[in-house]
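Me: Please pick one part of this model and look at it closely with me. I would then like to hear about the other parts in one connected account.

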Amino acid sequence: MPAEPAVLGGTPAFAEPLHVGRPNIPDGPRAMELIQQAIDRRWLTAFGPLVKQFERDVAAAAGVKHCVAMCNASVALQVLIRAAGLRGEVILPSFTFIATAHTLLWEGVTPVFCDIDEETGNIDPEHARRLITDRTTGIMGVHLWGHPAPTKELDALAEEFGLRLFYDSAHAIGSARGGRAVGGFGHAEVFSFHATKFINSFEGGAVVTDDDALAERVRSMHNYGRGEGEIVSSIGTNAKMTEVAAAMGITSLENLDFLIEVNRERYERYAAGLAGAPGLTLRRPGPENDVNHQYIVAEVDETAAGISRDVLAAALTADNVLVRTHFDPGCHRTEPYVRDPGRHAPLPLPRTEALGARVLMLPTGTGVTLDEVDRVCALTARLVAAGDAVTAAVRRTP
Ligand code: T4K
């Protein structure tokens, strides 16, 4: 019999916190060896050999011609938005991390939030169609949680209205749709290699594309508008990746298949372990998608479970299982967009809000053992079984 849950007076089930986003470090010594090489050659940033190798490796994983590695995905999105000449309005799902919206607004473009298909969690192309105006210049799709968006439908929409189509693919390196790797969809895609991503370079991001001219503009702009040379040809910024970051990125990417397998094992273990818990299901990849399981997402049906998502999240957190609720409540309910809804979204976005209220990200990756997954499942089942008492206890907690 497991001990009493922490909210009911027991000691926390886990002495150390389990995180969503605990970095994978598949080969520390290899990363250190590459970092030492960079130190020995005194080439620390600006088109060094490690960044160039990382760019080749990312382009190969994405199946595209060009990769420009950068200091993080937010800046990579900003450089891409500017290099592509996006202006006016761009349509994006509200159900995404705030960076997808902020980078557009930062570049003077109005984000217009679209609802999702509740089944997949991704942008609903039919709703996107209804949001197109004469000010729309592009669509920014998102492969939410590593689950590829409906690329065919978005291609068709972009083609029909002459729009630019990009993807915020922060979660999705290593995923594929219809057998094709994420990275080659739309006019360009952007990866994140932040520490919390299953492939990380401490901080990092990249624009990937098959468009030669766009790649050249992005490369130029990410180094003060002068690319690898000294002649300034346009406005630019400093968005370069360092050699240290590339060393970690190369090491992570060398272990891409292994890390996907680690996530897949944990996904299957959670699926089996939670199968008996009423009202709890795991989000599954759609039929066309192969996913990296960047996030393992449980869904709580409050009526069937007898406990709300928020109460369950609070109770798990008390036991040191630091679950997350990405990306509730949706960008349209977040500052500054919530202040000017008429400009950013037709409200409400019912499917974004409904799904947002049900989801719960569970710890995965190399930082969580299969035994710990089993214990999280047992704890979750216990909390659900004691739903009324747990709800009362969480409500009593200040
Ligand atoms: N587009 C999308 C769709 C995105 O999700 C993101 C970022 C972006 C664009 C922009 O990408 P970047 O500019 O970051 O490259 C995190 C990350 O900062 C962010 O990268 C990520 N998405 C977002 C979803 O989450 P936080 O503040 O919620 O994460 P944080 O720092 O609390 O870390 C999560 C957990 O991981 C914590 O429990 C602690 C643990 N952790 C974290 C770090 C950094 C560790 O154990 N070690 C660590 O080094 O934002």
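Reply: Strand E7 (residues 176-177) pairs with E12 in the antiparallel sense, over two bridges; strands here are DSSP runs of at least two residues, helices (H or I) of at least four, numbered from the N terminus, and a pair needs at least two DSSP bridges. The model is predicted, so local features need pLDDT of at least 70 and side-chain atom pairs 80 or more, while totals for chains, interfaces and linings use all residues. Residues are numbered from 1 along each chain as its sequence is written, and side-chain values use heavy atoms, without hydrogens or water.

Within this pairing, arginine 177 faces asparagine 289 of E12. The two strands belong to an open sheet of three, ordered E8-E7-E12 with antiparallel pairing. Strand E8 (180-181) and strand E12 (289-290) are the edges; each has a single partner strand, so one side of each has no neighbour in the sheet.

Another antiparallel pairing joins strand E13 (residues 296-300) to E15, this time over four bridges. There, isoleucine 296 has leucine 362 of E15 as its bridge partner. Along strand E15 (residues 359-362), Val359 and Met361 point one way, Leu360 and Leu362 the other way, and all are buried, that is, under 20% relative accessible area (1.4 Å probe, protein chains only).

Helix H11 (residues 309-318) also has buried residues: Arg309, Val311, Leu312, Ala313, Ala315 and Leu316. Just after H11 comes asparagine 320, with a positive phi of about 75 degrees.

Now to the ligand. Around the ligand are 24 residues, of which His19, Ser74, Asp168, His171 and Arg324 come nearest; a residue qualifies with a heavy atom within 4 Å. Helix H3 (73-83) contributes at least two residues to this shell, and so does helix H4 (98-106). For arginine 324, a polar side-chain atom lies 2.6 Å from a ligand oxygen. For histidine 194, an N or O atom of the side chain is 3.3 Å from an oxygen atom of the ligand. Valine 20 takes part through its backbone, where an N or O atom lies 3.5 Å from a ligand oxygen. On its own the ligand has 920 Å² of accessible area, and the protein covers 75% of that (Shrake-Rupley method, 1.4 Å probe).

Note on methods: Buried means under 20% relative accessible area, exposed over 50%, partly exposed in between (1.4 Å probe, protein chains only). A polar contact is a pair of N or O atoms within 3.5 Å; within protein, one must be able to donate a hydrogen and the other to accept it, and residues adjacent in sequence count only if both atoms are side-chain atoms.
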